[in-house]
Amino acid sequence: MKPAGPLFRPVKFTQLPTAVKEFLDATAAPEATDAGSEAAAVPVPVEGREDLLQSLDLAARLYRTLGRPHPVDHGVLLGADQLPDGVADLARPLARHWLTEEQLADAPAFLRDHPGSLLLVGCYDRLTLDPVRSLLLATYRSRTHALTLLSGRDAASLAWSVAKQYVRPDAEVDAVGLFTDTDRPPHLPGVQVFDDRDFEQVDIQSTILDSRWRKVAFQGHGKDDSVNLGEFTICGLSPAAPARPGLLGPRCAYGLPCYKPEDKLVPLHRVPAVEVVLSACNSGPLADLALYDPKYQLLLNALDGPARTVVAAVSVHDSDRPENVAWMRSALAGGDTVDTLNASLAGSHPYPAFLRFGLPEAPEPAAARPAFAEHRPDPLLLTVGRRLTALLGSELLPHNHALRPRLTKLARKVDLWVARPTHLADQSAEEIRDSLTADLQSLDHVIAGQVTANPEDELMNYPAHFGDRSSLDPEVREVTCHCGRPSQEFTRRGLLPNVLDTTCAVCMRCGDVTFRLPEAPALLAHAEDEVRQGGVLEVRAALTAPRSGPVRLGLFVPTYLREEVTVEPGSTKVRAVGGQAQDVHFRIRFDPATAPQAYYFTVFAVQDLAVSTARRHFGVLPR
């Protein structure tokens, strides 16, 4: 059902105080009500502002009902003595408690004494480094504080920004759109996504201006006056604001043509959206950080438009795939854009990137704000990445080695998974790990098969190859050899990025008993010291894997003995429990003609591209 009257009431500044009082009296009930009388419409001073009158018309397409917004805990009015009568009164219901501007001088003390959400209201020229920066930094990661701003280029624009907080969107306005020139994100159901491939085929200008957006985000390169979307440009030029002498402007400020096609400019104040997200660096700089005259400011142009909420970047940021995907998911779920974007970027830089202009629709407790992301990929992913770098970047494997194509393919995937723009964006952490472990199991199976077929494979030379390019770690650990005697375990540290550390255990009787990479399975091989010709040597391999999951094991003997023995099984797979020792059994059956003498066998284990070995000496006796 359509409202019985308009939601907004154009007035002159001289009429504003009386009109505000009438409005607040008529809408004193907290629940939303249909507009029915002139007094119940939100007053907006529009004299001399044809652009604001146009924004009122656009707003009629977006909003349906009136309603008192959920107030924040504390509010501070900046430059209150310079505002026309009525503006402060209109803002008063937006916070439960109002404090003085002087109390902001000591931001830490202010926030300590006033926990909860905070609203700053003031014209743009009052939004400067002092006091906004200290408040922004102090509330950035806080679980007890949240910062919101309301502003505009002048008193009329500020009053318009405040007035929009009293209206609620039409339920039919539900479109969510993402326009990006720097990413090709996945197309999530419920989100209209346009990237550089679409900019050459779709009239982006009409697509933006002829729709009704619940939330729309523009992501791309630009300055504080524009966001590039291919040949299309989100433009900050205000048709109403006068330029200020002495301030820098873009090309058009000096009579030069725009740097982009002017018929493809999208005037930001004409975008019919309830929430506008400007995901470009410096799209919402503080007043004393702005590069261009306010006449050309993206932020101010957006605030003059119908959007009730504007989210803009106060400085530079690394917004990319994770933020685009996080924002889309948040937008579909009704989450808060600023908290979502800042939390996603927290692993890239230590400062907040985005500011919110406009009250949250239904503020959640501060403790419910999204957790701040840290760019810490799965440790297994990093371990595998280092191993791939060494296997492919060193001279261990020849250029024609059979493993190289498979390793190269996995290395490309790991590089994408480790990179922040895809981590937890295109795939969840669980999906990435599942895909990684599937690849690893397949490769481990191939490696185990190659070692079984050819124990002299170049891969098995890794202890010597990496060891020659390492330095000895001074820490030496006393361990017990599988022969029962004391032995020493030590690590050689790779000297180059493509050289892995190697760990070796040496026994004075058995020699170099075990080799492995750090964070790879540990092995010992137990067997009798002697076996008769034609007999069977029972072997017990003691395995301790660093993580739970499949481990492939095998056993081989020297080349000169292979035709004299049968190994059962040739290879096997066990499911290890991380950190727990378990036994794996093999049998070596000897031909009756095996020459009596001393021999050795080697047990190997493969997990996550790492091969661990344990060598055990034994003797064959005559029957």
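A hairpin of two residues leads from strand β12 to strand β13. Strands here are DSSP runs of E of at least two residues, and helices are runs of H or I of at least four, numbered from the N terminus. The model is predicted, so that local features need pLDDT of at least 70 and side-chain atom pairs pLDDT 80 or more, while totals for chains, interfaces and linings use all residues. Residues are numbered from 1 along each chain as its sequence is written, and side-chain values use heavy atoms, without hydrogens and water.

## The sheet

The open sheet consists of four strands in the order β12-β13-β14-β15, with mixed pairing. β12 and β15 (265-267) form its edges; each has a single partner strand, so one side of each lacks a neighbour in the sheet. Pairing requires at least two DSSP bridges between two strands. Two of the pairings are as follows.

Between β13 and β14 lies a hairpin with two residues between the strands, in which Gly230 adopts a positive phi near 65°.

## The second largest pocket

The lining of the second largest pocket comprises 21 residues; Met460, Phe556, Thr602, Thr613 and Arg615 lie nearest its centre. The elements that contribute two or more residues to this lining are α15 (462-467), β22 (511-516), β30 (597-607) and β31 (610-621). β22 supplies the largest share, four residues. A pocket is an open set of 1 Å grid points with protein on both sides within 12 Å along at least five of seven lines, and lining residues have an atom within 4 Å of a point.

By residue class, the lining of the second largest pocket holds twelve nonpolar, five polar and four charged residues. Asp, Glu, Lys and Arg count as charged, Ala, Val, Leu, Ile, Met, Phe, Trp, Tyr, Cys and Pro as nonpolar, and the others as polar.

Technical notes. 1 Å grid on protein atoms, 1.4 Å probe; cavity = no way out; pocket = protein on both sides within 12 Å on 5 of 7 lines; lining within 4 Å.
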